[in-house]
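The sequence and the structure come first.

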Amino acid sequence: MHSGKQALRPQNPLGMQVRRDPWPCSSMVAAWLQAVQGKTSDSWRGWRALDAELWDAVNIVDASQPWSGVIAAYMELGDDIAITMVAPGGTAPELRSRCWHVVQRWKHVTDDPMTHLGGHAYLVWRDGDTVEVYQSSVFEGYQVDVGTWEGAAGLAGYSVGIAYLPVVPE
């Protein structure tokens, strides 16, 4: 198993690609799940070709399965999963220290896939009270935010799924 942070460093294929080209959030997560397992590619299409089933699940190709990304991450490398609604004034699901997490959030998710709104997927590494959020967006590009995971952790009003990936080293 390869280091989660190492997979995203700029000298490695995935880290270089997400910095050079703005990737959809779920595509970065899908490629990262493969990179930590020692797979590599020189393109977005190449990452998809390595494991199309994983790629499609994490990228939520089937809109009727809004949690397929966190479920796929859990099935691939996880040991637990949590899916919940974070109520206003409530608290976000706990993160484990010294553990990687795949987080998927939806502002509005119902039985009708055409009404899913505000979806975003990202990676979180927690070490003690500090969290590092690794994310990508076609609009904002790649970014890393360092902070804490307290209270609602910015997720109030969202449905949230988390896959816990303790086998992936820092």
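W100 is buried, and W125 is buried as well. The model is a predicted one, and the values below were computed from it.

**Aromatic pairs**

Four aromatic pairs occur in the structure. A pair of this kind is described by how far apart the ring centres are and by the angle of the planes. Two of the pairs are set out here.

| Pair | Centre to centre | Angle between planes | Class |
|---|---|---|---|
| W32 and W100 | 5.0 Å | 50 degrees | tilted |
| W100 and W125 | 5.5 Å | 50 degrees | tilted |

Planes under 30 degrees apart would count as stacked and over 60 as edge-to-face, so an angle between these limits is classed as tilted.

W32 belongs to helix α3 (residues 25–35) and W100 to strand β2 (residues 99–106), so their pair ties together parts that are 68 residues apart in sequence. W32 is buried, like W100. Through ring pairs, W32, W100, W125 and Y134 are joined into a cluster.

**A charge over a ring**

K107 is placed over the face of Y158, at 4.7 Å from the ring centre.

**Cysteines**

How many disulfides are there? The count is zero, where a disulfide requires two cysteine sulfur atoms within 2.5 Å. C25 is buried, with a relative accessible area of 16%. C99 has 1% relative accessibility and therefore counts as buried.

Terms used
Residues are numbered from 1 along each chain as its sequence is written. This is a predicted model: local features need pLDDT of at least 70, side-chain atom pairs count only at pLDDT 80 or more; totals for chains, interfaces and linings use all residues. Side-chain values use heavy atoms; hydrogens and water are left out. Rings of Phe, Tyr and Trp (its six-membered ring) pair if their centres lie within 6.5 Å; planes under 30 degrees apart count as stacked, over 60 as edge-to-face and the rest as tilted. Helices (H or I, at least four residues) and strands (E, at least two) are DSSP runs, numbered from the N terminus. Buried means under 20% relative accessible area, exposed over 50%, partly exposed in between (1.4 Å probe, protein chains only). A charge sits over a ring if NZ of Lys or CZ of Arg is within 6 Å of the ring centre and within 35 degrees of the ring normal.
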